[in-house]
Amino acid sequence: MKKLTLILILFFSSLTFAQDAGIKMIKFVKKDTVQLRWATTSADNFLKGLKQGYEIQRVNQVDQSEETIIIASFNERKQSLKNSKDSSALFLIEMLNDAVNQPVEDIVLTNLYFMLSLAASNDRMVAILTGTFYEDVNLPNGNYKYRIKYKGDKMYDEISVNTKSLDKNPQFKTLTGESRIDLK
C-alpha cells in the first residue's frame with residue numbers, strides 16, 4: 001500500500017511540475033475548422049480563467065503571421081450568455097456568477113471545478129460557459145501553432161496543427177464487453 005501511495009504522489013507531483021501554465025489544450029481538426037478545448041490543472045486555475053479570461057495566439061508556420069483571439073472573462077461574457085433559452089445554461093450562469101464574484105470555500109470551488117471540467121469535456125454549451133472552447137472557422141490549409149494563456153500571463157500551453165490532416169473519431173469495432181452473471 002505504501003508503494004502505491006508513493007507512486008501516486010510522484011505521478012501527481014510530476015503532473016504539477018510539467019504543467020507550468022496551468023492549462024492543457026487539445027485540438028480537433030475538421031474540414032475547414034479547428035476546434036480547441038482546454039482544461040486547467042487546478043481549481044484555483046479554473047477560477048483564474050473565469051476571472052481573467054484567456055488569450056489564444058495563432059501563428060501561421062509558413063509566413064509567421066500572428067493573430068490574437070480573446071476569450072473574455074466570465075463577467076464580460078455573462079450578459080450575452082444570459083440570452084440562452086436553455087434552463088440548465090441559465091442555472092450554470094448563476095452558479096458561475098456566484099463563484100466568480102463572491103468568496104468561495106475551497107471545497108465548493110474544488111467540487112465546482114471537477115463537476116464543470118467533466119461536463120465541459122463532452123458538452124459544448126458548458127465549455128462555452130466556462131470559457132474553455134474556441135472554434136477557428138474558415139481556416140485555409142496549412143500549419144499553425146496555437147498558444148493559450150491566461151490574459152496578462154507569460155506562461156502558456158502550445159499545440160501544433162496541420163489542417164490538411166483531419167482528425168477522426170476512433171473506431172470502436174475492436175472493443176469487446178464482458179459481463180459476469182453473478183453481479184446483480
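**Sheet, hairpin, helices and pocket in a predicted model**

Biologist: Which order do the three strands of the open sheet have?

Modeller: The order in this open sheet of three strands is E1-E2-E5, with antiparallel pairing. Strands (E, at least two residues) and helices (H or I, at least four) are DSSP runs numbered from the N terminus, and two strands pair if DSSP finds at least two bridges between them. This is a predicted model, in which local features need pLDDT of at least 70, side-chain atom pairs count only at pLDDT 80 or more, and totals for chains, interfaces and linings use all residues. Residues are numbered from 1 along each chain as its sequence is written, and side-chain values use heavy atoms, with hydrogens and water left out.

Biologist: How many bridges do E3 and E4 pair over?

Modeller: Strand E3 (residues 54-60) and strand E4 (residues 66-71) pair over six bridges, in the antiparallel sense. Glu55 stands opposite Ile70 in E4. Five residues lie between the strands of this hairpin, where Gln64 takes a positive phi near 60 degrees.

Biologist: Where is Asn138?

Modeller: Asn138 is in the loop between strand E5 (133-136) and strand E6 (143-150). Asn138 is not a glycine, yet its phi is positive, at about 50 degrees.

Biologist: Turning to helices, at what angle do the axes of H2 and H4 cross?

Modeller: The axes of helix H2 (residues 43-52) and helix H4 (residues 87-101) cross at roughly 95 degrees and come within 10 Å. Axes are lines fitted to C-alpha atoms, for helices over the stretch in contact, and angles run from 0 to 180 degrees between N-to-C directions. H2 is therefore roughly perpendicular to H4, a term for angles of 65 to 115 degrees.

Biologist: Which residues in H2 meet H4?

Modeller: Phe46, Leu47, Leu50 and Lys51 in H2 meet Leu96, Ala99 and Val100 in H4, contact being heavy atoms within 4.5 Å.

Biologist: Which residues lie nearest the centre of the largest pocket?

Modeller: Arg37, Trp38, Ala39, Ser117 and Ser121 do, among 15 lining residues. On a 1 Å grid over the protein atoms alone, a pocket is an open set of points where a 1.4 Å probe fits, with protein on both sides within 12 Å along at least five of seven lines; lining residues have an atom within 4 Å of a point.

Conventions:
Parallel < 35°, antiparallel > 145°, perpendicular 65-115°, else oblique.
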